[in-house]
Amino acid sequence: MRHFYRSHLQPTAALAAADQFFPALGLQAGASSARSRMYAGPLGAMKLAAHSEGGNYTFIEVETNQVGESRLDRNVKKFFVTLHRGAEPQHQPEASY
């Protein structure tokens, strides 16, 4: 599956957050470059890329090798929430149901 998120964080800050978040889940870091990271482990494999987009945004794209709503995909969404909290710590997300 493919997921994306736009953030006000710098691409280097988003990649540094990924380097802390995903190894804590048991994913091993693979090939990496200045703008992307690859992780693999028991949950599956994924590629994360972050690059500057027009204006003040950073576009973060994650592609997993899983189908449907897997545990890895749910953790990617949790990672996006941590990025949001890092960019805007005073914002408290609430469930709307």
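**Close-up 1. Glu61 sits in strand 5 of this predicted model.** With a relative accessibility of 26%, Glu61 counts as partly exposed, because that class covers values between the 20% and 50% limits. If we set aside neighbours up to four places away in sequence, the contacts of Glu61 are Arg2, His3, Phe4, Lys47, Leu48 and Ala49.

**Close-up 2. Ser36 belongs to strand 3, which covers residues 36-41.** Is Ser36 buried or exposed? Its relative accessibility is 14%, so Ser36 counts as buried, the limit for that class being under 20%. Beyond its neighbours within four places in sequence, Ser36 touches Leu15, Lys47, Leu48 and Ala49. Another pair to pick out here is Ser36 and His51, which are 15 residues apart along the chain, with 8.6 Å between their C-alpha atoms.

**Close-up 3. Phe22 lies in the loop that links helix 1 to strand 2 (28-32).** A relative accessibility of 0% makes Phe22 a buried residue. Which residues does Phe22 touch, not counting those up to four places away in sequence? They are Leu27, Tyr39, Met46, Leu48, Asn75, Val76 and Phe79.

**Close-up 4. The largest nonpolar core has 20 residues.** Phe22, Met46, Leu48, Ile60, Phe79, Phe80 and Leu83 are the members that touch the most other members. Where do the residues come from? Two or more are given by each of helix 1 (11-21), strand 4 (44-52), strand 5 (58-64) and helix 2 (71-87). The greatest share comes from helix 2, which gives five residues. As general background, nonpolar side chains in soluble globular proteins tend to be buried together.

**Close-up 5. Helix 1 and helix 2 pack with their axes 11 Å apart.** The angle between the two helices is about 130°. Why is this pair called oblique rather than roughly antiparallel? Angles have to be over 145 degrees to count as roughly antiparallel, so helix 1 and helix 2 are oblique to each other. The crossing of helix 1 past helix 2 is right-handed. On the helix 1 side, the contact is made by Ala14, Ala17, Ala18 and Phe21, and on the helix 2 side by Asn75, Lys78, Phe79, Thr82 and Leu83. Sorted by class, this contact has six nonpolar residues, two polar and one charged.

**Close-up 6. Gly55 is found in the loop between strand 4 and strand 5.** Gly55 has a relative accessible area of 71% and is therefore exposed, as that class takes in values over 50%. To see how Gly55 is placed relative to another part of the chain, look for Ser32. Between Gly55 and Ser32 there are 25 Å from C-alpha to C-alpha, and the two are 23 residues apart in sequence.

Methods: Residues numbered from 1 in each chain as written. Predicted model: local features only at pLDDT ≥ 70, side-chain atom pairs only at ≥ 80, totals over all residues. Heavy atoms only, no water. Core = buried A, V, L, I, M, F, W, Y, C linked by side-chain atoms within 4.5 Å. Buried < 20%, exposed > 50% of the residue type's maximum accessible area, 1.4 Å probe, protein only. Helix = DSSP H or I, 4+ residues; strand = E, 2+ residues; numbered from the N terminus. Axes fitted to C-alpha atoms, helices over the stretch in contact; angles between N-to-C directions. Parallel < 35°, antiparallel > 145°, perpendicular 65-115°, else oblique. Left-handed = near helix turned anticlockwise from the far one by under 90°. Contact = heavy atoms within 4.5 Å. Nonpolar A, V, L, I, M, F, W, Y, C, P; charged D, E, K, R; others polar.
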